[in-house]
Amino acid sequence: MFRVRNYKLAMAGANVEFIRSPNIGGVLDPRFLVIHYTASGPGFDTARYFARPEAKVSAHLVIRRDGTVIQCVPFDTVGWHAGVSQWTDRTGRFFTGLNRYAIGIEIENWGPLRRTGSGWISWSDQPVEGSKVIEARHKFGRPDCGWETFTEAQVQATIEAARAICDAYGITEIVGHDDIAPGRKSDPGPAWNMASFKAKVFGRSEDGPATYMVRSPTGLNLRVGPGIDQPLRRPDPLPDGTRVIVHEARDRWRLVSVLNAAGDPDFSGWVHGGFLVES
Ligand SMILES: [Zn+2]
């Protein structure tokens, strides 16, 4: 289990390996988590590459194929991973230049692969073992091709790191680089099971945040901020029995994500904590 301490990822009281990248901006306002692949092979050390000024790129975390997590940028600092990008969050707010608002995780993986007579090769003509390849179409219509699968160790490490980050910063939206730069970027691509990943990060397991239930016969108002004077986020109150997860507390107010029937976070806002019971 990871925790965030002083803008660094730590496990059992010790920070994960930190290889500082000079490719950074100012203060980060963390609202989103962006998932990437590196488009690189097992012989390439992404974290060391991010440490070179001429690379002009970075990410907060790198997840190696063996599941090792390396941090390159502290979580309070802008990294250079999103580039030209835009996203409308679930409250309808429009963001551009996502580097200022997003923590980036780069997962080491080749990305798309081409078929040859004898098997699969990367963009750099390196052979990739067939047992590590799936054939799929990218959701934005890129033609069918091969994609390197992510290792089980990578999936598990990314879930655990994302949980700690989302918990620490109240992040409720995880996106792929392809979501915020459609057409320009293909990562993490169809080999990354984003739906399953998000479900595991957002509390469908005992390690996730606690689930609460609205206990109020007349329903509970969801507001834009913590206070009775804050505008309503939704015209109708949340019905009695609505399930939520709590991200943040301010006095008696709680920032919650409202769960849909499938148990996934649907939308978020502030509610009075006096009407929540543990479920
Ligand atoms: Zn990317």
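Arg-3 has Ala-10 in S2 as its bridge partner. Strands here are DSSP runs of E, at least two residues long, and helices are runs of H or I of at least four, numbered from the N terminus. H2 packs on the sheet and touches S1 and S2, with its direction at about 40° to that of S1. That angle is taken between N-to-C directions, on a scale from 0 to 180 degrees, with axes fitted to C-alpha atoms, for helices over the stretch in contact. Contact means C-beta atoms, placed from the backbone, within 7 Å.

A word on the source. This is a predicted model, where local features need pLDDT of at least 70, side-chain atom pairs count only at pLDDT 80 or more, and totals for chains, interfaces and linings use all residues. Numbering starts from 1 along each chain as its sequence is written.

Back to the sheet. Which order do the strands take? The order is S1-S2-S3, an open sheet of 3 strands with antiparallel pairing. Strand S1 (2-5) and strand S3 (14-15) are the edges, each pairing on one side only. Two strands pair if DSSP finds at least two bridges between them. S1 and S2 (residues 8-11) share 4 bridges. Arg-5 is one case, with Lys-8 in S2 as its bridge partner. The S1-S2 hairpin has 2 residues between the strands, and Asn-6 there takes a positive phi near 50°.

S2 and S3 pair over 2 bridges, again antiparallel. Met-11 has Ala-14 in S3 as its partner. This hairpin also has 2 residues between its strands, and Ala-12 in the turn shows a positive phi of about 50°.

Next, helix H4, residues 194-201. Lys-198, Lys-200 and Val-201 are buried. Seen down the axis, the buried residues fall within an arc of 165°, so they line one face of H4. The arc uses the directions from the helix axis to the C-beta atoms. Buried means 20 or more other C-beta atoms within 10 Å of the residue's own, exposed means 12 or fewer, and partly exposed lies in between, with C-beta atoms placed from the backbone. What does the buried side of H4 pack against? Helix H2 (152-169) and strand S18 (173-176). Ala-195 and Ser-196 are exposed, on the face turned away. Just after H4, Gly-203 has a positive phi of about 75°.

Last, the domains. The assignment, automatic or from a database, gives domain 1 (2-201) and domain 2 (211-278). Their C-alpha centres lie 31 Å apart.

Note on methods:
Contact = placed C-beta atoms within 7 Å.
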